[in-house]
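Let's walk through this structure together, one feature at a time. Have the sequence and the 3D view ready.

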Amino acid sequence: MTQKLTIIGGGLVGASLACALRPLNLDVTVLEETPLESNAQPSFDERTIALTYGSRKILEAIGIWDLIAPEVGVIKRIHVSNRGHAGFTRLDRNDIGTEALGYVVPTRAIGKALIDELHRSPKIDFQCPSRAERIHISPASNNVTTETTDGAVSSSLVVLADGGRSPATTMIGVKKKIKKYSEHALVGIVGVDRDHNGTAFERFTENGPLALLPLINQGFALAWTLPEHEARAMTVLPTEEFLGLLQEAFGDRAGFFTDCSWLSTYPLSQVEIESPISDRCVAVGNAAHVVHPVAGQGFNLGLRDIAYLSEAIANATLENANIGEPAFLQRYANNRQNQTRRVLRFTDGLLQLFANEFPGLRVARNLGLNLIEIFPPAKRFLLRRTVGIAGPLPRLARGLPLRS
């Protein structure tokens, strides 16, 4: 018998999961509240996403990579430095023998490719706009009913993929630990007067990280951590004045900034939930965890959720078991919670280390960066973890589709 699965949230994470599950004998319903043509739809705006090499393998496995590759900027190397100090390190794809360390792609390119695939698949019922209003769990009948603005959807498992605010996790009483940072992220696109040659830059300043990620053309995607009032003020400055302040903060290692566009700000926070699973419900992506963008792990962490959850669901179907069985979900939760907590602690630790100007910490972080620079095993260890190719990996993370 064909089992049914409901995904609340048809953004990048929810749509990726639906595409990943296509080889399985499942009927999948995707509920997305925000119309695709709306300015509030984050899957189709001009922001960019940094993808790790491991995320590329997942997108290859679900049949999306070739659709977005023409718009992808390649990160061949990363220059990490501490503004005003001598500490730095250089990370290169050759350190771990991969084609790239990562990629930079417009959100709209991934969003369009995923939505096109949802519409193309006969196994996926994509309902948009449709809002989940209530979730009824019936353990005795192995069933979950999701009441929506268009009716009710019944399934064996509900996946909550509706983003960081996640009304769906609130519906089922998930407990969250929220840490709000005082800074905001200023993001946009900036041009320079020279080729970047695939080099990304991460420069730690007194306010936090300033990152430049190479786009497919000569420009960079900018992510600059600033106090809220400064970040907002930057968006309304005349172009020349803004570029002057950016040049002063970053220096001229990447060249001289020539133009900017699509400047916007958003608040920064860290969110961790007590457990990603509840009765026949599982949270993934930002509904399960929100991390500071300092290490570029946000969407990549969501894609790893998808890889592991898809494998758990595939194993259940291979054993002719119900996909909402607690044993399968608990196995998934145990694996992901450990990995997610490591990423949360790592990103928050980076901020505490580099945003603090105590003399002892300044010396320690400069020494740490320089030691990584001169000690290749440390580079390889760090890179294999951050690009998502360390340890045992599920099929999708190895670039292989699920077994039907």
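Q: In which sense do strand 4 and strand 7 pair, and over how many bridges?

A: Strands of a sheet pair through backbone hydrogen bonds, either parallel or antiparallel. Here strand 4 and strand 7 (residues 102–106) are antiparallel, paired over three bridges. Two strands count as paired if DSSP finds at least two bridges between them; strands (E, at least two residues) and helices (H or I, at least four) are DSSP runs numbered from the N terminus. Within this pair, G73 sits opposite V104 of strand 7. Before we go on, note that this is a predicted model, where local features need pLDDT of at least 70, side-chain atom pairs count only at pLDDT 80 or more, and totals for chains, interfaces and linings use all residues. Residues are numbered from 1 along each chain as its sequence is written, and side-chain values use heavy atoms, leaving out hydrogens and water.

Q: What is the strand order in the open sheet?

A: The three strands run in the order 3-7-4, with antiparallel pairing. Strand 3 (48–52) and strand 4 (73–75) are at the edges with a single partner strand each, so one side of each has no neighbour in the sheet. From one strand to the next, the twist averages 25 degrees.

Q: Which strands does helix 2 lie across?

A: Helix 2 (residues 53–61) lies across strand 3 and strand 7, at about 95 degrees to strand 3. Such angles run from 0 to 180 degrees between N-to-C directions, with axes fitted to C-alpha atoms, for helices over the stretch in contact (heavy atoms within 4.5 Å).

Q: How many disulfides does a search of the whole structure find?

A: A disulfide is a covalent bond between the sulfur atoms of two cysteines. The search, which looks for cysteine sulfur atoms within 2.5 Å of each other, finds zero. For C19, the closest cysteine sulfur is in C128, 15 Å away, which is too far for a bond.

Q: Is C19 buried or exposed?

A: Buried means under 20% relative accessible area, exposed over 50%, and partly exposed in between (1.4 Å probe, protein chains only). C19 is buried, at 2% relative accessibility, and C281 is buried at 1%.

Q: Why is helix 1 described as largely enclosed by the rest of the structure?

A: Nine of the nine residues of helix 1 (residues 12–20) are buried, so the rest of the structure largely encloses this helix. Among them are L12, G14 and C19.
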